[in-house]
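Hello,

Here is the structure I promised to pass on. My notes follow below it.

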Amino acid sequence: MELSQVEIDILRLVCESKTRKEIAAELYLSEGTVKRHISEILAKTGYDNILRLAVHAVSNGLIVPGMKG
């Protein structure tokens with residue numbers, strides 16, 4: 001299952017060590033919406049922890065922190 005553009009943006013910001021509050025402010029979302037998207041990202045990818053997924057995404061070149069998609 002593919003991630004939506006918003007989910008990719010959230011994952012990129014997680015990879016940049018942004019907090020949920022910072023992600024919400026940058027993407028003009030509520031913190032609750034960011035939390036829901038993170039839950040959906042984890043469900044789609046099978047990961048149980050967003051930081052583990054972030055490490056995997058960066059180490060495999062799937063996400064390049066600082067680059068907007």
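Of the contacts in the chain between residues at least 6 apart in sequence, 52% join residues at least 24 apart. Keep in mind that this is a predicted model.

**Overall build**

The chain has 4 helices and 0 strands. Read from the N terminus, the order is α-α-α-α. The radius of gyration is 11 Å, which agrees with the value near 11 Å that a compact globule of 69 residues would have. Along the principal axes, the C-alpha atoms fill a box of roughly 30 × 25 × 20 Å.

Buried residues account for 29% of the 69 residues. The accessible surface is about 4500 Å², and carbon and sulfur atoms contribute 55% of that. On charge, there are 9 positive and 9 negative side chains. The centres of these two sets lie 4 Å apart.

**Helix α4**

Helix α4 covers residues 50-59. Its buried residues are I50, L53, A54 and A57. Where do they sit around the helix? Viewed down the axis of α4, the buried residues fall within an arc of 105°, so they line one face of the helix. What do they pack against? The partners are α1, residues 5-15, and α3, residues 31-45. The face of α4 turned away from the buried side carries L51, V55 and S59, which are exposed.

**L3, ahead of α1**

L3 sits in the segment before α1. The cut-off for buried is under 20%.

K44 is 41 residues away in sequence, yet the C-alpha atoms of L3 and K44 are separated by 7.6 Å. Leaving out neighbours within four places in sequence, L3 is in contact with I8, L11, I41, K44 and T45.

**H37, in α3**

H37 belongs to helix α3. The relative accessible area of H37 is 12%, and H37 is therefore buried. Which residues does H37 touch? Not counting residues up to four places away in sequence, H37 touches V6, E7, I10 and L29.

S17 is not a glycine, yet the phi of S17 is positive, at about 65°. S17 lies in the loop between α1 and α2, and α2 spans residues 20-27. Is S17 buried or exposed? With a relative accessibility of 64%, S17 counts as exposed, because the cut-off is over 50%.

Y28 is also a residue other than glycine with a positive phi, here near 55°. The loop between α2 and α3 holds Y28. At 76% relative accessibility, Y28 counts as exposed.

**In brief**

The chain is built from 4 helices. One face of α4 is lined by its buried residues, and these pack against α1 and α3. S17 and Y28 each have a positive phi.

Best wishes

Notes:
Residues are numbered from 1 along each chain as its sequence is written. This is a predicted model: local features need pLDDT of at least 70, side-chain atom pairs count only at pLDDT 80 or more; totals for chains, interfaces and linings use all residues. Side-chain values use heavy atoms; hydrogens and water are left out. Helices (H or I, at least four residues) and strands (E, at least two) are DSSP runs, numbered from the N terminus. The radius of gyration is taken over C-alpha atoms; the globule rule is 2.2 Å times the number of residues to the power 0.38. Buried means under 20% relative accessible area, exposed over 50%, partly exposed in between (1.4 Å probe, protein chains only). Contact means heavy atoms within 4.5 Å. Accessible areas come from the Shrake-Rupley method with a 1.4 Å probe; for residues, only the protein chains shown count as cover. Lys and Arg count as positive and Asp and Glu as negative; His and the chain ends are not counted. The place of a charge is taken as NZ of Lys, CZ of Arg, CG of Asp or CD of Glu. The arc is that of the directions from the helix axis to the C-beta atoms.
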